[in-house]
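Thanks for asking me to look over this model with you.

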Amino acid sequence: MGLISQLVAGLIFGIGLIVSGMINPAKVQNFLDVAGSWDPSLAFVMAGAIAVAVPAFWIASRRARPAFAPAFELPRADAPVTTRLVGGAAIFGAGWGLAGFCPGPAIASLGLGAQSTLLFVAAMLAGVLAADRFLSRRSAEAAV
Amino acid sequence: METHFTPLPAFLGGSLIGLAAAMLVLLTGRVAGVSGIVRSLAVPPSVRAFLGSTAFLAGLVAAPFAWSALGGSLIEQAVPASTSLSTIAGLLVGFGAILGGGCTSGHGVCGLSQLSVRSLVATATFMSTAALAVYILRHVTGGWPWG
C-alpha cells in the first residue's frame with residue numbers, strides 16, 4: 001500500500017506541475033524575471049500547494065504514525081539555520097534560475113524526450129552524489 | 001518564451017502538488033521533497049526508502065503520459081538552450097539542494113507548510129539567487145554566453 005501510495009502521489013505531483021505550468025521553465029523564469037516579463041503565476045502555485053499541505057502536516061503532527069509506515073520521517077522543528085543551509089540554498093537557486101528547472105519538473109519532463117532535460121537530470125544526479133559525498137566526509141571528520 | 005498570468009490553473013495545479021505532499025506525509029510519513037527523494041534513490045538509506053522513492057519518481061515520470069491519456073493539452077516547454085547550461089545548472093541544482101537540505105518542494109512547499117524557520121530562510125535565499133541568475137542572464141549578459 002505504501003508503494004502504491006507513493007506512485008500515485010508522484011503521479012498527482014506531476015500532473016500538478018503540468019496543470020500549473022511549472023513544468024515549463026519559461027513560466028518559472030518569467031516569475032523570477034522581476035525586472036522584465038513578470039508572470040506572477042508561481043506565487044499562486046505555492047499558495048495552492050501550501051493551502052492543502054498546511055492542514056495535512058497539522059494532522060500529521062497529531063498522529064502517532066502514518067497509515068502505511070512505522071513512523072514519520074519529518075525534519076526536526078528545532079533544527080538551526082546553518083551556513084550549509086544558506087549556502088546550499090544559494091547554489092540551488094542559482095542553478096534553478098539559470099535553467100528554470102528544479103528536481104520535480106525536470107524529472108517529470110524526462111518522458112517528453114528533450115536532450116537538455118536528460119542532460120540536466122544526469123548532471124543533477126552527479127551534483128546530488130557529490131553533495132552526499134561531501135556531507136559524509138564532513139560528518140566523518142567531525143566525528144574524529 | 002512568453003507566458004501569461006494564469007492564476008486559476010496555477011492555484012489548481014498547486015493544490016494538486018499540495019495533495020501529493022499530503023498523501024505522502026499522511027500515508028508514508030515522508031516529506032515530498034523531490035531532491036531528498038532523489039537522494040534516497042541514489043544513496044539509499046534503506047530498501048524501503050529506495051523502493052518508495054522509485055515508486056514516487058516513477059509516478060512523476062509517468063505524469064505526462066497520464067496527462068496525455070486523460071486528454072490533456074500539449075505540454076509547452078522552453079528547455080535550456082545549450083549543453084553547458086543544462087549541465088552546469090543541473091550540477092548546481094543537485095549539489096545545492098542536498099547541501100541546503102531541500103528544494104522548492106522540500107523547503108518551499110513542505111517546509112513552509114510546517115512553519116519551519118529553516119525553510120523560510122532557505123526559500124528566501126534560493127528565490128533571491130534564482131532571481132539574480134535570471135536578471136543576469138536576461139538583462140546583463142543577454143543569454144548564456146557559452147554554447
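**Notes on the two chains and their contact**

1. Over all chains, the count comes to 4 salt bridges. Please keep in mind as you read that this is a predicted model. Between chain B and chain A the count is 2 salt bridges, and both chains also share 24 residue pairs in polar contact, counting pairs with both residues at pLDDT 80 or more.

2. How accessible are the two partners? B:R138 counts as partly exposed because its relative accessibility is 31%, while A:D33 is buried, with a relative accessible area of 3%.

3. Next comes A:D132, which meets B:R39 in a salt bridge with the closest N and O atoms 2.8 Å apart. Here too the pair crosses between chains, running from A:D132 in helix 6 (residues 115-143) of chain A to B:R39 in helix 2 of chain B. A:D132 has a relative accessible area of 11%, so this residue is buried. B:R39, at 28% relative accessibility, counts as partly exposed; the cut-off for buried is under 20%.

4. Within chain A, have a look at A:R76 and A:D78. These residues form a salt bridge, again with 2.8 Å between the closest N and O atoms. Are they buried or exposed? A:R76 is exposed, and A:D78 is exposed as well.

5. Now for the contact between the chains as a whole. The size of an interface is often given as the accessible area lost when the parts come together. Chain B and chain A bury about 9200 Å² between them, and 77% of that is on carbon and sulfur atoms. In residues, the contact takes 103 from chain B and 107 from chain A.

6. On the polar side of that contact, there are 24 residue pairs in polar contact between chain B and chain A. The elements of chain B that give two or more residues to the side touching chain A are helix 1 (7-28), helix 2 (34-42), helix 3 (47-69), helix 4 (83-100), helix 5 (104-113) and helix 6 (117-140). Helix 1 of chain B gives the largest share, 20 residues. By class, the residues on this side of chain B divide into 66 nonpolar, 30 polar and 7 charged.

7. A:S41 is worth a click. This residue is found in helix 3 of chain A and counts as buried because its relative accessibility is 0%. The side chains of A:S41 and A:K27 are joined by a polar contact of 3.1 Å. Leaving aside residues up to four places away in sequence, A:S41 touches A:K27 and, from chain B, B:H4, B:F5, B:T6 and B:A10.

8. Finally, a helix pair within chain A. The axes of helix 2 and helix 4 (residues 83-99) of chain A come within 8 Å and cross at roughly 115°. From helix 2 of chain A, A:P25, A:V28, A:Q29 and A:L32 meet A:W96, A:G97, A:L98 and A:A99 in helix 4 of chain A. This contact has 6 nonpolar, 2 polar and no charged residues.

Key
Residues numbered from 1 in each chain as written. Chains lettered and ligands numbered in written order. Predicted model: local features only at pLDDT ≥ 70, side-chain atom pairs only at ≥ 80, totals over all residues. Heavy atoms only, no water. Contact = heavy atoms within 4.5 Å. Buried area = accessible area lost by both parts, 1.4 Å probe. Salt bridge = Lys/Arg side-chain N within 4 Å of Asp/Glu carboxyl O. Polar contact = N/O pair within 3.5 Å; in protein donor to acceptor, adjacent residues only side chain to side chain. Helix = DSSP H or I, 4+ residues; strand = E, 2+ residues; numbered from the N terminus. Nonpolar A, V, L, I, M, F, W, Y, C, P; charged D, E, K, R; others polar. Buried < 20%, exposed > 50% of the residue type's maximum accessible area, 1.4 Å probe, protein only. Axes fitted to C-alpha atoms, helices over the stretch in contact; angles between N-to-C directions.
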